[in-house]
Amino acid sequence: MIPDAARMMEWIETVTSRGIRRPGYPADDWTAAWAAERFTEFGLHDVRLAPVELPVWRPVTAALVVRLDADPSRVVRVAASALPYTTPKAIVSAPVSREVVPGAIVVPEYTFTELPQSYVRDLATAVHDPEGVFDELVQTLPFQLDYLDIIQGVMDGGAAAFAGALTGVPWETRDYYVPYDAVHRDLPAVWLSGGDSRRVLDLVDEGPCTGTLTVESETGPAVSHNVIGTLPGRSDQWVIIGSHHDAPWASAVEDASGIALVLAAAQYWAGVPERDRPHNLIFLLTAGHMAHAAGTRAFIEENRGLLGDVVLQLHLEHAARRCVVVDDELVPTGDPEPGWWFTTRKPELVSLVAATLVAEDLRRSFVLPPDVFSPMPPTDGAFFHPEGVPLVHFLSAPMYLFDSADTLDKVHEASLEPLTRAAIRIVEGTAGWRRA
């Protein structure tokens, strides 16, 4: 009764074909309306678009020119990519420095975190690793664990501008959408690709240099929408099945794949008689994940009276294919990226998720406490956790997650049907549960 993987890939391709889906962008507005149409087509009840106010940010241009003071004919000119929600318009001429120096354009080198899966296994409450790869497998995360600190440190040090050098990113790119919390930072700031960064830093290493950083972007208020639909069940309790519809780029994995998983679950449950649905169901595609989960926070505020009757909040994000880097190019493999299943510390829920991973053979999976890495899980639905709502959040974190390289070939198509069946099994497994 579930859509097959080919159908889900059609949905993903439809969404990605519209272009960049950042909060407030036309492609994201189109996607929300399109998803609402699918909810209605499936037969969901009370389908609606709930407004969410959030800030929009659009980059216009960014570049850095660096000259050697001792010989101004020695110059490096590079294109750059502005950091979201930093100073919208500036032309800064200042000394260029590797280190944080007041009044300088600071060019700190930035690298992604390498995470041994044996370390994650030690933190997990359950693991499904039938291949036995976690002893040796090392995952490249799409960020430094302290990625906000590097920007804040440059600001606190009185620098004139930030030009992050992506020398530690395994492939050549400057299309890096981080940070994504929509917090305004009063500093002109850009990312430089690894190759361009090395050209700049090689010149800086020859002697004092002066740089001119130019950046321009547009910011302002916008209204996006949560997409919501419901189905009645045989219980007066609720299950919320969600993901988000916005993205840093056209982004097939982040999170067109999550949209497809929620649509697949909605289509399945719409075909099940009401008496066979264990609880009332809400299907939720939130706005503004790339704006500090604005849609999730708005949904919680608007539905606080419901939260006490939610037996499970299930979030589905990122059916990702693991990639390797060959000659500065991302090459997809046949393997899934390791999957994190953040699960509330309730023994019956942990057991249900662990058994589901085995039943659906979702290899390379961890069951993890929600607060294992930080006070909340690193998911779009994180803000349900401090509200005390029991949750199961599936997420993977491939190294290309915030990059324009997140294209259709990065979706792990073979996981789409097993992930959908797993979501169904988990919901079915809550039959008879009550928050009390």
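Strand 18 (339-343) and strand 19 (residues 365-368) run parallel and are joined by four bridges. Two strands count as paired here if DSSP finds at least two bridges between them. The strands and helices themselves are DSSP runs, numbered from the N terminus: a helix is H or I with at least four residues, and a strand is E with at least two. Within this pair, F342 stands opposite L368 in strand 19. This is a predicted model, in which local features need pLDDT of at least 70 and side-chain atom pairs count only at pLDDT 80 or more, while totals for chains, interfaces and linings use all residues. Residues are numbered from 1 along each chain as its sequence is written, and side-chain values use heavy atoms, with hydrogens and water left out.

Stay with strand 18 for a moment. Is it mostly covered or mostly open? Five of its five residues are buried, so it is mostly covered. Buried means a relative accessible area under 20%, exposed means over 50%, and partly exposed lies in between (1.4 Å probe, protein chains only). The covering reaches both faces of the strand: G339, W341 and T343 are buried on one side, and W340 and F342 on the other.

On a 1 Å grid over the protein atoms alone, a pocket is an open set of points with protein on both sides within 12 Å along at least five of seven lines, and its lining residues have an atom within 4 Å of a point. A volume is the space filled by probe spheres set on the points, and grid points are joined across faces, edges and corners. The second largest pocket holds about 190 Å³ of space. Its lining has 19 residues, and P336, L362, R363, H412 and S415 lie nearest its centre. Strand 18 and helix 10 (413-428) are the elements that give two or more residues to this lining. Helix 10 gives the most, with four residues. By class, the lining has nine nonpolar, five polar and five charged residues. For these classes, Ala, Val, Leu, Ile, Met, Phe, Trp, Tyr, Cys and Pro count as nonpolar, Asp, Glu, Lys and Arg as charged, and the others, Gly among them, as polar.

Now look for the largest pocket, where about 880 Å³ of space lies. Its lining is made of 34 residues, and those nearest its centre are Y147, Y180, S374, P377 and P378. Helix 3 (117-123), helix 4 (147-156) and strand 20 (391-396) are the elements that give two or more residues to this lining. Which element gives the most? Helix 4 does, with three residues. The classes here are 22 nonpolar, six polar and six charged residues.

Another pair of strands shows the antiparallel arrangement. Strand 1 (residues 45-68) and strand 2 (residues 71-79) run antiparallel and are joined by six bridges. A hairpin of two residues links strand 1 to strand 2.

Helix 5 (residues 194-206) lets you check a length for yourself. The expected span of a helix is 1.5 Å times one less than its number of residues. The 13 residues of helix 5 should therefore span 18 Å, and its end C-alpha atoms are 19 Å apart, which agrees. Several of its residues are buried, including G194, D196, V200 and L203.

Next come some details of the backbone. The peptide bond from V178 to P179 is cis, with omega near 0°, and P179 is in the loop between strand 10 (161-168) and strand 11 (189-192). Another cis peptide bond joins E254 and D255, with omega about -5°; D255 is found in helix 6 (residues 252-270).

Two residues have a positive phi although they are not glycines: S251, at about 40°, and D327, at about 55°. S251 lies in the loop between strand 13 (238-244) and helix 6, while D327 is in the loop between strand 16 (321-326) and strand 17 (329-336). Is S251 buried or exposed? With a relative accessible area of 1%, S251 is buried, whereas D327 is exposed at 72%. D327 and W171 are 156 residues apart in sequence, and their C-alpha atoms are 8.0 Å apart in space.

Technical notes. 1 Å grid on protein atoms, 1.4 Å probe; cavity = no way out; pocket = protein on both sides within 12 Å on 5 of 7 lines; lining within 4 Å.
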